Amino acid sequence: SIYEMFGNECCLSTGEVIKVIGFKINKLIASICENNEVSRFSAKVELPLNFPGLYKVVADKTPYVSVEEITKKVSIGPTRFGHPCFYSPEDIKLANVIIKHGEQITFNSVEEVNGTMAVNCGVVRNNQSHSFTLPLSQEGKFYECEDDQIYTLKEIAEWKIPKCRNRIVKLSNTLHTWDSSNPLPENFDGCLILTPVYEVQAVMKFRKDIVHILSDLDVEVKDITDCYDISSFLQPLSLEDVFERTSKEFPMVVEIMEGPSGSQKPYNSLHTGKEIVIYKKYQATRVLASEIRSDSPKRHFLIPLSYKGKFKRRPREFPTAYDLEIARSEKEQLHVVATKAFDSPHKELFSVSVGDQFLVQQCQTSEVLYEGRKKVIDVLACEQILSDTYKKVLLPMYMEGGFVEVIHDKKQYQLSKICKEFRLPFNVKVSVRDLSVEEDVLAAVPGLQFEEEITDSYLLISSTNSPVESWEIPVYRLNMSVHLLSKDVQTVVPPATKTTVEEISEEQYYMVRRYENQTLDPPPRPPKKPT
C-alpha cells in the first residue's frame, strides 16, 4: 500500500521489513468535560500538540492494581517529567520500611535489583528523602497524586497520558488571545478530556529517515523479531539519548534522520541527511531576557554570556516601596521618581506626591500610632531631594505607589559584567550590536529586561563538510533525531563557537522559569497594612 505522511510518499510493499522504534501521540481529540464525563453538548475537536496554552493535569481516579501495571502504562524516565507520584490507601509493608497509607510515593526509575525487576522509589518525611524499591510483583491499589505543575500539550502527550487511558486536563493559562480559528469556546477555562491518536515510528532497511505510520493504517503485519538480525537497521537517537552518553564517547559523527522544525538560525540548517560532529555535552549558563513593552505578547530570549554586544541601562519601574528595598544595592544609591501619589494614614510617615524624588537608604522599623495604639511596622528610610537640600523621610513598606528609576550611569556594559556587578532583574537596551553575527536579533528590540540566570543542557556541534565554526544546540528544546556514523572525527578540538541568541516561545519561557525556580524558596511577600 502507498500512503502520504507529512508530504512524503511511503510505499509499504509485501515482504517489507520494518523495525518499530516507538509509539508517539500524533494529535489529541479533546472534549469538554463536566463532572469527569464528556459534556452532552460538547463536540469533539482536534488539537495539534503545539496548540497554545498551559494546562494542569487532573489526577486519574481509576487506580492501578500493581506496580507492574504502572510501569507498563506510565512514562517513568530520567528527565524531570518522568517521576510520577502515587499513593496507596493501605499501608505497604516492606522488609526495611513501612509505607503509610496516603503517603506520596515518587517512582524514579525501573531497574533490575538482585535478579528481580523493581522500581526505585522515594518518599519525603520531615523534609528528608528516603529511598526504597518496590518489586513489579507488588499488588494493591495505587492512585495518582494531585499534580500542581503546569504543562504544555506536547509535554502532556509525551509524559502524562498513560497507555490505554484518557487524560483530563484543566486550562491554566491560554497565553494567546482568542480568535475564530481557536476550536475551543471563547473565554473557556474549564476541563478537557484528551483522547490520544497514536502514530508508529519505524525505520526501514533502505531509508535513512524515520517513517511515521498512523496507527489506523490498514496494513497486516507479522512479528519476526525473534528470527531477524535487527542490528542491520539504523538506531535513531534523540538529543536526550546523545546527552545521556558518557563523556568518553565524544566527539562523535552523526547523520540527521529528522531535523528540527522552524526557521530560526542556525537550527534551520540542520536538515535530514546532514552530517554533523558532536564535540561534547555540558551545562551552560544563559540569561533569560524579555522584551520591555506594555502590551503582549512579549518576545523572550536566552542569551549566552559570550554575547559580544554592549548594553546601556534603562530605568526600572517599582510598584511598591518593598520593591525598592529588594532592588537596593550597596554599590550605588537608588534614585527614583514617584509616578503615583500616596497619602500616609500615619503622621509619622511621609505622604508622597507625583514627581517627588528620593534616594533610597535602608529598611528599618518605626513606631506609629494606629487607632489609639502604638504599633511597630517596617519602613523604608529615604532622602527626599528638594531644590537645595535633602529631607529624611520614612515610607511604609506596604505602600502601593509607583516609582521609576533615574539613571545617572551612562556607561556601556558587557553582559557578563552586568551579571557580575548588578542584581537581576535589570533593564537595558543594546547600544552596540554583536558584530560577530550576521544578524543580531537583540539590536532591534527597544528594551530588554534581564530576568535571571539559568543553567541548561547543550551539545556543541559543527558541520563535517565545513567545520569553520561550531555552535551550541539546546538538548530539551530542539526536536531532532540522529544516528551514529562509524567515522573518525578529523579534528578533536572544536572550531570557534558562534554566539547564538535563542528566541523562545511564550510556552518555553514559562517552562524555563518553572524549572529554574522549582528548587528556590518563594520570595517573601510584601508586608500588609496594619490591622
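Modeller: Start with an open sheet of six strands, in the order 7-14-8-11-12-13, with antiparallel pairing. Strands here are DSSP E runs of at least two residues, numbered from the N terminus, as are helices (H or I, at least four residues). Two strands pair if DSSP finds at least two bridges between them.
Biologist: Which are the edge strands?
Modeller: Strand 7 (64–66) and strand 13 (128–135), as each pairs on one side only. On average, neighbouring strands of this sheet are turned by 45 degrees against each other, direction ignored. For such angles, axes are lines fitted to C-alpha atoms, for helices over the stretch in contact, and angles run from 0 to 180 degrees between N-to-C directions.
Biologist: Before we go on, where does the model come from?
Modeller: It is predicted: local features need pLDDT of at least 70, side-chain atom pairs count only at pLDDT 80 or more, and totals for chains, interfaces and linings use all residues. Residues are numbered from 1 along each chain as its sequence is written, and side-chain values use heavy atoms, leaving out hydrogens and water.
Biologist: What lies over the face of Y64?
Modeller: R165, at 3.8 Å from the ring centre. The rule is NZ of Lys or CZ of Arg within 6 Å of the ring centre and within 35 degrees of the ring normal.
Biologist: How many aromatic pairs are there in the whole structure?
Modeller: A search finds 12. One of them is F311 with F450: the ring centres are 5.1 Å apart and the planes sit at 85 degrees, so the pair is edge-to-face. F311 is in strand 22 (residues 310–313) and F450 in strand 30 (residues 448–463), 139 residues apart, so the pair links distant parts of the chain.
Biologist: Is F311 buried or exposed?
Modeller: Buried, with a relative accessible area of 0%. F450 is buried too, at 0%. Buried means under 20% relative accessible area, exposed over 50%, partly exposed in between (1.4 Å probe, protein chains only).
Biologist: How many bridges join strand 24 to strand 28?
Modeller: Three, between residues 335–338 and 400–405, running antiparallel. V337 stands opposite V404 there.
Biologist: And strand 16, how covered is that?
Modeller: Mostly: 10 of its 14 residues (191–204) are buried. Strand 3 (residues 18–34) runs antiparallel to strand 16, joined by 14 bridges. I25 stands opposite Y198 in strand 16.

Notes. Phe/Tyr/Trp six-rings, centres within 6.5 Å; stacked < 30°, edge-to-face > 60°.
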